[in-house]
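Take a walk through this protein with the structure open beside you. We will stop at a few places and look at each in turn.

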Amino acid sequence: MKNILFAASECVPFIKTGGLADVVGSLPQYLDKKEYDVRVIIPYYTCIPEKYRGQFKYVQHFYMDYGKRPVGSHVGIMEYEFDGIKYYFVDNEYYFKCDSPYSSDVRWDIERFTFFCKAVLAIMPVIGFRPDIIHCHDWQSALIPVFLHTAFATNPFYSSTKTIMTIHNLKFQGVWNIDTFKYNTNLPDYMFTPDKLEFNRNANMLKGGLVYADYITTVSENYAEEIKMPFYGEQLDGLLRARAASLRGIVNGIDYNVYDPQTDKKIYANFNSGNFKEQKAVNKEKLQEQLGLPVDRDKYMICIISRLTDQKGLDLVNYAIERICDENTQFVVVGTGDPRYENVFKHYQWKYPERVSANIYYSDDLAHKLYAAADTVLMPSLFEPCGLTQLIALRYGTVPIVRETGGLKDTVEPYNRFENSGTGFSFANYNGDEMLGAINYSKQVYYDDRKAWDEMVKRGMETDFSWNSSAKQYEGMYNWMINW
């Protein structure tokens, strides 16, 4: 049996702010349970819903020296089994009593997650789980490989443990001043040099993980190439080029049990790739009614289901929205984020109440209904490491319109009318007119060549973006690393 430990700051179903939680919650389920004992460790946040927290079992607690503090810090271990996977939770009320997993204070979050990284390594010998591989996700767990090579370097328990660092979004790195890091980590001065943790005269958690991990992955093949270049590299492109031989991309999957239009209880009418034509129209009419839009199945419904931030290309949408929302189009937005974009969509809902529906909140229930009802989903991202929205949209017969970046380029094949191939529409440059051109082309196919449109929807629905194929790639990587 091969022992794999996932370490992360969030995981469905316990706590989620983004796609990271989906990956950490879903991937272990798809790894071969006969060959791999996969366990997951996250912080024991007080904001984990009581229906789960109430069932966690107390295992043990101890005190750990943490940084240069004169007294030890409390480390409690909670355990819970869910769908055949064992989950551990690091308990320390001082750090993890919170209303959401992240605060607005970066320094405080760095202190909390530095504690988490060290606690993870202190807990494993106590529970007797010796990982062959610790799979670290994003900056919050990035000091685990660093501590493994320093504070725990002589610990025989970890003599054969390897580490993988997965980048879900390179933009977030955990950067603060070196003195604070020295106090929190008690690492020697020589660790804070440009070839290790130093970063523009500060210290950088993610950089530490990228330097010390045995292997680095990210969440799509194209993003793995992009981050070696200055534009996408967030000032770590030089390090990633240096480690190119130990870097690969594996595209995320989605949980096909959660996102299945045949069985989804959140949508109005269930459907599959054989009967979607009629049933998607039923979903559209019911949603139009729910949102107060004119009920008309012939309207072209385009949607955005997203965090409303610059990364998502919303300045392009703002630039072109007047021309997107013609009299045959309904534009539905679900999400929250930057007040500037929230207000743009609210304004256009006020200006065109029959064409725009701005739902400035996040609702999983409404998102499912929208995936089932819309004709297209718009993702004009500036950068997109993987993106799960387009994978869910394809599953629900909603055609993605994407910019060719990161995982969007890897997963959406542009429509080609001459070969009758493709699963969506794409544009290359970060340009509002080019985006508008792709949207207008999609409208033209939708209205003038419905047969080709329906064939494209069917191809998208039949593409496999479940975790199955990605899990096989992770298994291959784990085996190769364990046998080094």
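Start in a loop. Asn186 sits between helix 6 and strand 9, which spans 198–199. Keep in mind that this is a predicted model. As background, most residues other than glycine have a negative phi.

Pro13 is placed between strand 1 (2–7) and helix 1 (19–30). The peptide bond that joins Val12 and Pro13 is cis, with omega about 5°. For comparison, most peptide bonds are trans.

Now go back to helix 6 and look at its partner. Helix 6 covers residues 178–185, and helix 4 covers residues 106–127. Their axes come within 10 Å and cross at roughly 30°. Angles under 35 degrees count as roughly parallel, so helix 4 is roughly parallel to helix 6. Helix 4 passes helix 6 in a right-handed crossing. Which residues of the two helices make the contact? Helix 4 brings Arg107, Ile110, Glu111 and Thr114. Helix 6 answers with Thr180, Phe181, Asn184 and Thr185. Sorted by class, this contact of helix 4 with helix 6 has 4 polar, 2 nonpolar and 2 charged residues.

Next, find helix 12, residues 314–324. We will look at two of its contacts. Begin with helix 17, residues 432–448. The axes of helix 12 and helix 17 lie 9 Å apart, and the angle between them is about 40°. That angle makes helix 12 oblique to helix 17. The crossing of helix 12 and helix 17 is right-handed. On the helix 12 side, the contact uses Leu316, Val317, Tyr319, Ala320, Arg323 and Ile324. On the helix 17 side, it uses Gly432, Asp433, Met435, Leu436, Ile439 and Lys443. How do the residues of this contact of helix 12 with helix 17 divide by class? There are 8 nonpolar, 1 polar and 3 charged residues.

Turn to helix 13, residues 339–351. The axes of helix 12 and helix 13 come within 11 Å and cross at roughly 20°. These two helices are therefore roughly parallel to each other. Is the crossing of helix 12 and helix 13 left-handed or right-handed? It is left-handed. From helix 12, the residues in contact are Leu314, Asp315, Val317, Asn318, Ile321 and Glu322. They meet Tyr341, Val344, Phe345, Tyr348 and Lys351 in helix 13. By class, the contact of helix 12 with helix 13 holds 7 nonpolar, 1 polar and 3 charged residues.

Which helix gives the largest share of the lining of the second largest pocket? Helix 11 does, with 5 residues. Helix 11 (276–291) and helix 18 (450–462) each supply at least two residues of the lining. By class, the lining of the second largest pocket has 8 charged, 6 nonpolar and 1 polar residues.

How values were computed:
Residues are numbered from 1 along each chain as its sequence is written. This is a predicted model: local features need pLDDT of at least 70, side-chain atom pairs count only at pLDDT 80 or more; totals for chains, interfaces and linings use all residues. Side-chain values use heavy atoms; hydrogens and water are left out. Helices (H or I, at least four residues) and strands (E, at least two) are DSSP runs, numbered from the N terminus. Ala, Val, Leu, Ile, Met, Phe, Trp, Tyr, Cys and Pro count as nonpolar, Asp, Glu, Lys and Arg as charged, and the others, Gly among them, as polar. Axes are lines fitted to C-alpha atoms, for helices over the stretch in contact, and angles run from 0 to 180 degrees between N-to-C directions. Angles under 35 degrees count as roughly parallel, over 145 as roughly antiparallel, 65 to 115 as roughly perpendicular and the rest as oblique. A crossing is left-handed if the near helix is turned anticlockwise from the far one by less than a right angle, and right-handed if clockwise. Contact means heavy atoms within 4.5 Å.
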